[in-house]
Amino acid sequence: MKISYNWLKQFIKIDLKSEETAAILTDLGLEVEVVEKYQSVKGGLEGIVVGHVLTCEKHPDADRLSITTVDLGDGIPVQIVCGASNVAKGLKVPVATIGTKLFDKDGIEFEIKKGKIRGQESHGMICAEDELGLGTSHDGIMILDDKLKAGTPAAKVFNVENDEIFEIGLTPNRADAMSHYGVARDLRAHMLQKNSNIELITPSVSTFRIDKRTFKIDVDVKDSKLAPRYCGVTISGISVKESPAWLQNRLKAIGLTPKNNIVDVTNYILHDLGQPLHAFDASKINGKITVKTVAAGTKFTTLDDVERTLSEEDLMICDEKGPLCLAGVFGGKNSAVTDTTNSIFLESAYFNPISIRKSAKRHSLNTDASFRFERGIDPNITEFALKRAALLIKEVAGGEITSDIVDLYPKKIEDFPVFLHFDKTSKLIGQELPKETIKKILASLDIKVNSVSDAGLGLIIPSYRVDVQREVDVVEEILRVYGYNNINFTKKLNATVANSARTEDYKVQNIVATQLNSLGFHEMMANSLTTADYVKLSEVLKEEQNVMILNPLSTDLAAMRQSMLFSGLEAVSYNINRRNGDLKLFEFGKTYHKLLSGYDEPKHLTLFVSGNRTAESWTNTGKPSDFFLLKGYVNSILSRLGLCKLQNKPATSDVFAEGIAIASGNDVLVEFGTVKKSILKQFDIKQEVVFADFNWNMILKLINNKIKFVDIPKYPEVRRDLALLVDNTIAFDSIYNIARQTEKSLLKDINLFDVYEGKNLPEGKKSYAVSFTLQDNTKTLTDEQIDKIMHKIQKHLETEVGASLRQ
């Protein structure tokens, strides 16, 4: 937000330097990010003086040039070569002296230097209005008032305004400070705290009166919840033209482009008092004005000449033929003020902030008006701002006020009470402030003290302070005016050492992150917002469990993610498309699920590996990453966390072409495998991607258990491998379940360590290399026992899934 210092001084008479004022505003919470100089004429006409042409003769070597002698007021006439056809003896003209810096039409600076033109010396330049930035004409030099004295600075002649502009990084909660009046109000509160009895100057509207009651436009507000207050008045006999220089300078100083005197006044009041206004061409209003919502699908063309499709929730200003304005956001093209407008209906209103915010977002419109309405303006300044604007319009455009003010305010928005406890105030601030100081600060902020007791103060908060709703908000107001820098710090140094368990989430997370980083992984952070359509890529995910955003920025950010796979694949695709295909990525994050009993936000650790294991070089040909590389990474993490005695199980997720899970009993710790090509195709990924998804909550739960000690088995375990030839349709979990059911007591582990499809295999077949670990805790297994168990497993696999040993 930009604030003009000259404009600010219309509300509060201070003589502080801009740097001092900027520091005060920053201390008050209105952080001044930069202070810029502003001049109504670029360069401020520095070095330009009034010159008196003493002589004017034709240039001997150029028909279109003249040699003049000009008095610059110092008694030493100078010679200037001029190419203007209207230069003549006796004229008073603006002269750019040697060293003056001017600006061309593109804003590029150039300096006036002593030189020769066709052999004749020239000591300056007689200027046209476009060369000075005073207009666009270049028909000839400017001719000034003959009464002006030679040597008079041009800045005095043309009343160049010099200003300083504060760029304030305003926080969204400070709706009360979104105007020059609001900033002045805060500045006054600070000055009163410093015992400077300074007055806040409120513009007077005492001269407002109805000239004639000849042009009344009735207003009907259909929904007072969406439009709690609506004011309007007609002004007739106006002349739409360019605004006076003072008004243009005010708007230009804060970065606005003047349009015409009517629109400029509404913009001026918006930045002056913080009240948005809108002017309708009254001749284009058919019948009465109705404030209401319209049917969904209604077409409406806004001032930017864009046809928009309205929602049934959009609040509209309508006449009997249809919409005229998107309330609080943007005007309509068909009711806009033009050069031919001679009467207007001037609107000043308070609209429901939530309604305005939704409409602005829905139509991708962010205007100065919507910016203020959606944050909450002062509902009690509506009529005052209307009167102030009407008086200004009469001043700059003429005309007469031709109706009474319509003010529909069925239910007044009341100020609200808050009780401030003295002990809580001292506790939050960290220092006890004198009670009189607290009262003085509150009074300077327009917060009324309704009752006083030993315990605290009963306060009435003005309705325009929408950000001060709780006791703690009042304490914050007291503190920012009193000054954070004025709070004393104790000289006593207290130190505490937090008792943090070694299994705290952040500690375990740092251990794993460090390990992964040493293995060549890079940490990523994906957006938790994603498209709701991703759940369709997996049957495990349910559309009804999507946590939808009520007011999404786009359909691509409409839901909270149910899986971290898809946001990770977006990152993989992004890198591959930029020729960074050898990837090792990991992410800690949450997924979000809507359940019948509420919401669930489990935490995960995910790994993504794709491309070559190591960079290709003359000593190392690229070897692609695969399932077994990822399995090594997964096992190393579990081993580092001390998780052992785990079992391999089939993966339940259908995102894997081949995958397994590692579990502790019935609790699955991690699922990993090769991502299906059909899913990769959705992200335009053509290379293999292996993915691991850790249930981080379960891992934290297991490592939080006390360490248990068991005897190391006295008897050895035995491993047997089978190379099984199975149909392409057979998944590893079928083999896993059959083996588990076949031998329940001695079979300790089943592991898939190779999958092969390709040459030398029958069509429709694939090869699984599966290891079986056998162990008896009471004795050593004999070959006869082992062969019997393996034969039994093999037989069941042949019978139930048609598996055969690969030759």
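This is a predicted model: local features need pLDDT of at least 70, side-chain atom pairs count only at pLDDT 80 or more; totals for chains, interfaces and linings use all residues.
Reader: Let's begin with the rings. How many aromatic pairs are there?

Author: Happy to start there. Two rings count as a pair if their centres lie within 6.5 Å. By this rule the count comes to 18 aromatic pairs.

Reader: Of what kind is the pair of F11 and Y181, stacked, tilted or edge-to-face?

Author: The ring centres of F11 and Y181 are 5.4 Å apart, and their planes stand at 70 degrees. Planes over 60 degrees apart count as edge-to-face. The pair of F11 and Y181 is therefore edge-to-face.

Reader: How many residues apart in sequence are the parts that this pair ties together?

Author: F11 lies in the loop between helix 1 (5-8) and helix 2 (18-27). Y181 belongs to helix 5 (residues 180-193). The pair thus ties together parts whose separation in sequence is 170 residues.

Reader: What about F627 and F672: how many residues apart are they?

Author: These two form a stacked aromatic pair, 5.5 Å centre to centre with 25 degrees between the planes. F627 is in helix 16 (residues 627-640) and F672 in strand 38 (residues 667-675). Both residues are buried. The pair links distant parts of the chain, and the separation is 45 residues.

Reader: Which residues do ring pairs link into a cluster?

Author: Here ring pairs join three residues, one of them W7.

Reader: How do helix 14 and helix 16 pack, and at what angle?

Author: Two packed helices are described by the angle between their axes and the distance between the axes. Helix 14 (residues 505-518) passes helix 16 in a right-handed crossing. Their axes are 11 Å apart, and the angle is about 145 degrees.

Reader: Which residues of helix 16 meet helix 14?

Author: By class, this contact has four nonpolar, two polar and one charged residues. Helix 14 brings I511, V512, Q515 and L516. From helix 16 come S636, I637 and R640.

Reader: Is S179 buried or exposed?

Author: S179 is found in the loop between strand 12 (162-168) and helix 5. Beyond its neighbours within four places in sequence, S179 is in contact with residues including M1, I3 and L270. Its relative accessible area is 3%, so S179 is buried.

Reader: And I354, buried or exposed?

Author: I354 has its place in helix 8 (residues 353-362). In space, I354 and G376 are 9.2 Å apart, C-alpha to C-alpha. The relative accessible area of I354 is 55%, so this residue is exposed.

Reader: How far apart in space are L226 and E121?

Author: L226 lies in the loop between strand 13 (219-221) and strand 14 (229-236), and L226 is buried at 16% relative accessible area. Leaving aside neighbours within four places in sequence, its contacts are T293, L315, F351, N352 and S355. L226 and E121 are 105 residues apart in sequence, and their C-alpha to C-alpha distance is 72 Å.

How values were computed. Residues are numbered from 1 along each chain as its sequence is written. Side-chain values use heavy atoms; hydrogens and water are left out. Rings of Phe, Tyr and Trp (its six-membered ring) pair if their centres lie within 6.5 Å; planes under 30 degrees apart count as stacked, over 60 as edge-to-face and the rest as tilted. Helices (H or I, at least four residues) and strands (E, at least two) are DSSP runs, numbered from the N terminus. Buried means under 20% relative accessible area, exposed over 50%, partly exposed in between (1.4 Å probe, protein chains only). Axes are lines fitted to C-alpha atoms, for helices over the stretch in contact, and angles run from 0 to 180 degrees between N-to-C directions. A crossing is left-handed if the near helix is turned anticlockwise from the far one by less than a right angle, and right-handed if clockwise. Contact means heavy atoms within 4.5 Å. Ala, Val, Leu, Ile, Met, Phe, Trp, Tyr, Cys and Pro count as nonpolar, Asp, Glu, Lys and Arg as charged, and the others, Gly among them, as polar.
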